Amino acid sequence: MKIALIGCGNMGQAILSAIISKGVSIAEHLSVAEVNQACREMTAEKFGVFTTDNSVDAIRMSDIIILAIKPQNLDEAFKQIGGKFSQGQLVISIIAGKCLGTLKDGLKYDAIVRAMPNTPAQIGYGMTVWTATEAVDGQQMAQSRTILGAMGKEIYVSDEDSIDMATAISGSGPAYVFLFMESLIQAAERIGLPHDKAYEMVMQLMSGSIRYAHSSDKPLDRLREMVTSPGGTTAAALGVFANGNLAGLVEEAVTAAYKRAKELGG
């Protein structure tokens with residue numbers, strides 16, 4: 001695949017690394033358009049790919065174009081690359097909050113995939129949810145699966161509203177997990193554990209629990225019950241969560257993120 005990346009920040013570099021390491025394409029078939037000179041030079045040295053400050057040049061060299069720029073830079077990008085695409089090319093956008101209608105109007109092109117990856121994609125454990133316009137053909141759908149799957153797991157959804165839902169769950173979700181981890185570490189320190197020990201315990205707790213849940217054929221509520229002895233320490237802690245309506249707070253938080261995603265998408 002001849003692939004161009006427009007923008008190469010953290011997520012763009014994660015995609016580039018995944019494409020090369022998973023054998024999706026080779027460096028000689030990859031190009032990166034990036035306005036920041038230092039970033040261009042670093043990308044060229046690290047990945048051995050062609051770099052340019054001219055997005056149109058990168059587009060002309062490629063069959064698949066991945067938009068990885070910041071949302072606030074999209075209008076300027078539209079001015080530069082709108083109408084510059086050729087029949088048969090595929091555009092994959094990972095720009096948060098920008099809907100297919102906005103992308104089609106600005107790019108003056110119809111074969112577009114909209115994807116919502118998350119930050120664990122940077123280490124190959126990402127969750128990407130994506131959808132596509134009707135103009136994306138079967139081969140391009142398969143190419144999209146290959147590229148997005150190189151970063152971890154991918155899920156295709158047929159309706160774009162599910163992308164906003166995914167933004168509130170898997171897109172923003174790492175921050176929810178990190179917040180809970182922070183809170184556990186702080187609580188551990190308050191009851192007397194030193195920071196380094198608390199950090200190690202929480203990191204292993206999260207990693208081990210997730211791996212255990214993945215390997216088990218039991219539902220999550222059953223796994224929780226297996227840890228919870230009546231009248232025991234776990235029951236005491238879960239009682240506090242229940243009294244504080246943790247489930248309700250989580251639902252409220254996810255709903256707020258979903259509403260904000262829809263607002264950003266217009």
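Asp161 has a relative accessible area of 26%, so Asp161 is partly exposed. (Buried means under 20% relative accessible area, exposed over 50%, and partly exposed in between, with a 1.4 Å probe and protein chains only.)

The model is predicted: local features need pLDDT of at least 70, side-chain atom pairs count only at pLDDT 80 or more, and totals for chains, interfaces and linings use all residues. Residues are numbered from 1 along each chain as its sequence is written, and side-chain values use heavy atoms, with hydrogens and water left out.

### Exercise 1

**Solution**

Step 1. (A salt bridge is a side-chain nitrogen of Lys or Arg within 4 Å of a carboxyl oxygen of Asp or Glu.)

Step 2. (Helices are DSSP runs of H or I with at least four residues, strands are runs of E with at least two, and both are numbered from the N terminus.)

### Exercise 2

Describe the salt bridge of Asp164 and the network around it.

**Solution**

Step 1. The partner of Asp164 is Arg114. Their closest N and O atoms are 3.4 Å apart.

Step 2. Locate the two ends. Asp164 sits in helix 7 (residues 161–171) and Arg114 in strand 6 (residues 112–116). The pair links distant parts of the chain, 50 residues apart.

Step 3. Are these residues buried or exposed? Asp164 and Arg114 are both buried.

Step 4. Widen the view. A network of salt bridges links Arg114, Glu160 and Asp164. The structure holds seven salt bridges.

### Exercise 3

Explain how far apart Glu263 and Arg260 are along their helix.

**Solution**

Step 1. Glu263 and Arg260 form a salt bridge, with closest N and O atoms 3.1 Å apart.

Step 2. Glu263 and Arg260 are three residues apart in helix 12, so about one helical turn separates them.

Step 3. Glu263 has a relative accessible area of 53% and is therefore exposed. Arg260 has 45%, so Arg260 is partly exposed.

### Exercise 4

Describe how helix 8 packs on helix 9.

**Solution**

Step 1. Two packed helices are described by the angle between their axes and the distance between the axes. (Axes are lines fitted to C-alpha atoms, for helices over the stretch in contact, and angles run from 0 to 180 degrees between N-to-C directions.)

Step 2. Helix 8 (residues 173–190) and helix 9 (residues 195–215) pack at about 140°, with axes 9 Å apart.

Step 3. Helix 8 and helix 9 are therefore oblique to each other. (Under 35 degrees counts as roughly parallel, over 145 as roughly antiparallel, 65 to 115 as roughly perpendicular and the rest as oblique.)

Step 4. List the contact residues. Helix 8 gives Val177, Met181, Leu184, Ile185, Ala188 and Glu189. Helix 9 gives His195, Ala198, Tyr199, Val202, Met203, Leu205 and Met206. (Contact means heavy atoms within 4.5 Å.)

Step 5. Sort this contact by class. It has eleven nonpolar, one polar and one charged residues. (Ala, Val, Leu, Ile, Met, Phe, Trp, Tyr, Cys and Pro count as nonpolar, Asp, Glu, Lys and Arg as charged, and the others, Gly among them, as polar.)

### Exercise 5

Repeat the analysis for helix 4 and helix 5.

**Solution**

Step 1. Helix 4 (residues 74–81) and helix 5 (residues 100–107) pack at an angle of about 40°, with axes 8 Å apart.

Step 2. Helix 4 and helix 5 are therefore oblique to each other.

Step 3. Leu74, Phe78 and Ile81 of helix 4 meet Thr102, Leu103, Gly106 and Leu107 of helix 5. By class, this contact has five nonpolar, two polar and no charged residues.

### Exercise 6

Locate Ser55 and list its contacts beyond four places in sequence.

**Solution**

Step 1. Ser55 is in helix 3 (residues 55–60). Its relative accessibility is 10%, so Ser55 counts as buried.

Step 2. Leave aside neighbours within four places in sequence. Ser55 then contacts Ile6, Ala33, Gln80 and Ile81.

### Exercise 7

Describe the phi of Lys108 and of Asn245.

**Solution**

Step 1. Most residues other than glycine have a negative phi.

Step 2. Lys108 has a positive phi near 55°. Lys108 lies in the loop between helix 5 and strand 6. At 61% relative accessibility, Lys108 counts as exposed.

Step 3. Asn245 also has a positive phi, about 55°, and is not a glycine. Asn245 is in the loop between helix 11 and helix 12. At 46% relative accessibility, Asn245 counts as partly exposed.
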